[in-house]
Amino acid sequence: MTTSGITNSPFIGVDNFHIAKMLTDPAGGKATYDEILSFPWLRSVGIEPQSDDATLYADNQAVDTANVTSKYNLTIDTATLPLEYKALLLGHSIENGVMTVTSEDTAPYFAVMFETTKRNGKKRFVKFLKVQFSEPSETAQTKEEGISYNTPSMSAVAIYRNDKKAIYQADEEADGYVSTTGANWYASVDMESGD
C-alpha cells in the first residue's frame, strides 16, 4: 500500500554488474539461465523505456489514451571490456586469445543485474530478464600530455520474456523490503522460491 510522505535518498552510484546467459525461454514454460557471472568495472547504466502511444478521438476531443512500453534501450559503460566478455555477450568465438567475428554470429540473450547506491547508504537492486547486446562503441586515440581514458560503451535492448516479465526491482527503502532479497539478488535470476 502506498502512503503519503514516503522519502527516498538520491542515487549516487552503481556497481555489482552481473550477467547470466539465457538458455531457454519456452512459451508456457519457465526460462532457464546459465551461471551468473560478475562483470567488472561498471561505470554507468542508462535506461530508456520505449513506449507506444495511441489516442482515441470522438466528438472533437480526446476521449481515451493508451500507452504501452514495448522495450527498454540500455547503454552500459564500463572501464574496460575483456575480450572474453565481449565474445560471450556477442556470440563470437575466442580461442588462444583471438576473437573471431563472422557474419553468422548471433548475440544471445542475457539477464542483466546490478545495484544503484544512495547517498544514505541504501540500495536499489535491478534485474533485466531478457537482454541482447550490440557491438560496443570504442575509441582509440593517441596518448597526449594529459591522461585520457578510452572506455567502451555497449548498447543493449531489453524485451519481455515469454512469461510477460521484463524487470525485477527491489529497494531497501521500500515498504515491506526484507534483507534476504538483497543478500540473494545475485544467487539466481528469478525471484520465486526454488529458482
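Which side chain does Arg161 meet in a salt bridge? That would be Asp190, at 2.8 Å from N to O. Bear in mind that this is a predicted model, where local features need pLDDT of at least 70, side-chain atom pairs count only at pLDDT 80 or more, and totals for chains, interfaces and linings use all residues. Residues are numbered from 1 along each chain as its sequence is written, and side-chain values use heavy atoms, with hydrogens and water left out.

**Salt bridges**

- The structure holds seven salt bridges, where the term stands for a side-chain nitrogen of Lys or Arg within 4 Å of a carboxyl oxygen of Asp or Glu.
- Back to the opening pair: Arg161 sits in the loop between strand 9 (153-158) and strand 10, while Asp190 is in the segment after helix 2 (179-183), so to speak a link between distant parts of the chain, 29 residues apart.
- Helices and strands here are DSSP runs numbered from the N terminus (H or I, at least four residues, for helices; E, at least two, for strands).
- Arg161 and Asp190 are both buried, a label that means under 20% relative accessible area, with exposed being over 50% and partly exposed in between (1.4 Å probe, protein chains only).
- Another bridge joins the side chains of Asp171 and Lys118, again with its N to O distance given as 2.8 Å.
- That pair also links distant parts of the chain, with Asp171 in strand 10 (residues 167-171) and Lys118 in strand 7 (residues 109-118), 53 residues apart.
- Asp171 counts as buried at 7% relative accessibility, and Lys118 does too at 2%.
- Lys118 and Asp171 also belong to a salt-bridge network that takes in Arg124 and Glu173.

**Lys130, with two partners**

- Lys130 meets Asp25 in a salt bridge, 2.9 Å from N to O.
- Lys130 lies in strand 8 and Asp25 in the loop between strand 1 and strand 2, so this contact ties together parts that are 105 residues apart in sequence.
- Lys130 is buried at a relative accessible area of 10%, and Asp25 counts as buried at 15%.
- The charged end of Lys130 also sits over the ring of Tyr109, 4.8 Å from the ring centre.
- For a charge to sit over a ring, NZ of Lys or CZ of Arg must be within 6 Å of the ring centre and within 35 degrees of the ring normal.
- Lys127 has its charged end over the ring of Trp185, 4.5 Å from the centre.

**Aromatic pairs**

- A search of the whole structure turns up six aromatic pairs; rings of Phe, Tyr and Trp (its six-membered ring) pair if their centres lie within 6.5 Å, with planes under 30 degrees apart counted as stacked, over 60 as edge-to-face and the rest as tilted.
- Phe17 and Phe39 are edge-to-face, because their ring planes stand at 75 degrees, with centres 5.3 Å apart.
- Phe17 is in strand 1 (residues 11-24) and Phe39 in the loop between strand 2 (32-38) and strand 3 (42-58), so the pair ties together parts 22 residues apart in sequence.
- Phe17 counts as buried at 1% relative accessibility, and Phe39 is buried at 4%.
- Tyr72 and Phe128 make an edge-to-face pair too, at 5.8 Å centre to centre and 65 degrees between the planes.
- Tyr72 belongs to strand 4 (residues 61-78) and Phe128 to strand 8 (residues 123-133), so this pair ties together parts 56 residues apart in sequence.
- Phe17 and Phe39 form one aromatic cluster with Tyr85 and Phe114.
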